[in-house]
Amino acid sequence: MNAIEHYIGELSSHLRVSRRTRNRILAEVRDHLDDGTARLVRAGDDTDRAVARVIESFGPASAIATEFNAEAGTRAMRRAPIVAFGTGVGVFAGLLVAARAQPHPAVPMRATLITQVAFFVAVLAFQVAVVAGMCAASRTVAIHRAPVAPSHDRQYVRLAANISTGAAAIAAAGWTITLAIAVHRLTRPNTAAAMIGGAIVVAAASVGIAATRRLRVNASDSPAGADAEPAGVFNIGERCIALVTLHPVESCTAVAALSIWPAMAHAETTFTAALPWGIAQAAAVIIAFMVLGPVLELRHPHAA
Amino acid sequence: MTAEQLKGHLDPLVSAILERGPAHGYAIIESLRDRSGGAFDLPEGTVYPALHRLERAGTIASRSEVVGGRKRRVYRLSAKGRAALREQRTSWTHFASAVSHVLGVQPV
């Protein structure tokens, strides 16, 4: 039975699936080859010839592995947006808990430069996480009817999910720094809330990154279906790119206005004080769109 | 019939075989070959990814059972699979009838 074991080993080397799925596949294939061999031996073949015929009938190991990889990759692809969404929700929930560290009534105080930078990076990173997560979800929804997703789409979803959870982790780090500085400076802070909230934020980000990296959605194999482009409401990202490209001044002004309002509400500051924060936010969001747009295939709809 | 031609129809064919009763992978492939009079002779390994795909879709279910003294994974058609098979039969009948009319042959 050496030939069967050799075939099983070759199939295993081509598989890009979880250990549990691999074990199940290899056990089924081994059973199949054993059954086929036994049937041919009963029919009069010698064992070596029976094994060779059964392996030939089963098909090339690389081709069979490709089919399994596509199937497992599709399953993982459909989980990716859920993992990214769960990471974002976990980080946000941790922040809500951590926000209770501030005693009430709050005493206004001027934020340090490090706090401002960390908070700014965290807000921006969280926005990137949301956009990338929506990209992953939109592509998954767009091809949800395909029995097996094309490898191109699986790779796209994996990339978007990785960016989303990575950005959520950066946001978590930024907020954790902000929180640590705030707790240090506050008088009579709720330290327990800060520590629990911080722990939830760090745990959610770590679990999200680990879970996304384990999603083997990028098996390099031939497409097993028609490529599907996100359509209808799912091309919002592309429309945003077009809007920013065609109307940069108006876009920048609109985003700055939207950014100033929450800055004023949260920092209880004046319009003049919030203006630089809002403009920097607007510029950063637009630059992020420009940089991440091509990576996430968010392109100008009128581009060839 | 080539393997590529058959691939697009593999899901309902496997479901139809499991409609008669639970079976393991090897038995499904043998049944597929026998019931097609040997016409459906695709690489046997391609049936297993299809089985995994159908299981993910919820049209079939599987569990490990001891068959003939050996532990095997046995597949069975689910209620969802039976409903899907009914739809696929109707759809296939309409499709085959339309193609037969265009080709100018009697529907089988």
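Here are legends for a handful of close-up views of this predicted two-chain model.

**View 1. Chain A is built from helices.**
Let's start with the chain as a whole: chain A has 10 helices and 0 strands. Reading from the N terminus, its elements go α-α-α-α-α-α-α-α-α-α. Of its 304 residues, 43% count as buried.

**View 2. Helix 3 of chain A keeps its buried residues on one side.**
This helix has 12 residues and spans 16 Å from its first C-alpha to its last, close to the 16 Å expected at 1.5 Å a residue. Which of its residues are buried? They are A:Ala50, A:Val51, A:Val54, A:Ile55 and A:Phe58. Look down the axis of helix 3 of chain A and these buried residues fall within an arc of 130 degrees, so they line one face. Here's the background: an α-helix has 3.6 residues a turn, so residues three or four places apart point the same way. On the face turned away from the buried side sit the exposed residues A:Asp48 and A:Glu56. And what covers the buried residues of helix 3 of chain A? The cover includes helix 1, helix 2 and helix 4 of chain A, along with helix 4 of chain B.

**View 3. Now for the two ends of helix 3 of chain A.**
At the start of the helix, a side-chain oxygen of A:Asp46 comes to within 3.2 Å of the backbone nitrogen of A:Asp48. Just after the helix, A:Gly59 has a positive phi of about 110 degrees.

Zoom in on A:Leu11: leaving out residues up to four places away in sequence, it touches A:Ile25, A:Leu26, A:Val29, A:Ala61, A:Ile64 and A:Ala65.

**View 4. Helix 4 of chain B is largely enclosed by the rest of the structure.**
Why say "enclosed"? Because 8 of the 11 residues of helix 4 of chain B are buried. Those buried residues are B:Val47, B:Tyr48, B:Pro49, B:Ala50, B:Leu51, B:His52, B:Arg53 and B:Leu54. Just past the end of this helix, B:Gly58 takes a positive phi of about 85 degrees.

B:Arg53 belongs to helix 4 (residues 47-57) of chain B. Is B:Arg53 buried or exposed? Its relative accessibility is 15%, and buried means under 20%, so B:Arg53 counts as buried. Setting aside residues up to four places away in sequence, B:Arg53 touches A:Glu71, A:Pro147, A:Val148 and B:Asp11.

Chain A has a mean pLDDT of 78, with 81% of its residues at 70 or more. For chain B the mean pLDDT is 86, and 93% of its residues reach 70 or more. Over residues 222-231 of chain A, pLDDT stays under 50, and the model has 19 contacts beyond four places in sequence for that stretch. Where pLDDT is low, the predicted coordinates should not be read in detail. The model as a whole scores ipTM 0.82 and pTM 0.64.

Conventions:
Residues are numbered from 1 along each chain as its sequence is written. Chains are lettered from A and ligands numbered from 1 in the order in which they are written. This is a predicted model: local features need pLDDT of at least 70, side-chain atom pairs count only at pLDDT 80 or more; totals for chains, interfaces and linings use all residues. Side-chain values use heavy atoms; hydrogens and water are left out. Helices (H or I, at least four residues) and strands (E, at least two) are DSSP runs, numbered from the N terminus. Buried means under 20% relative accessible area, exposed over 50%, partly exposed in between (1.4 Å probe, protein chains only). Contact means heavy atoms within 4.5 Å. pLDDT is the predictor's confidence in each residue, from 0 to 100. The expected span of a helix is 1.5 Å times one less than its number of residues. The arc is that of the directions from the helix axis to the C-beta atoms. A polar contact is a pair of N or O atoms within 3.5 Å; within protein, one must be able to donate a hydrogen and the other to accept it, and residues adjacent in sequence count only if both atoms are side-chain atoms.
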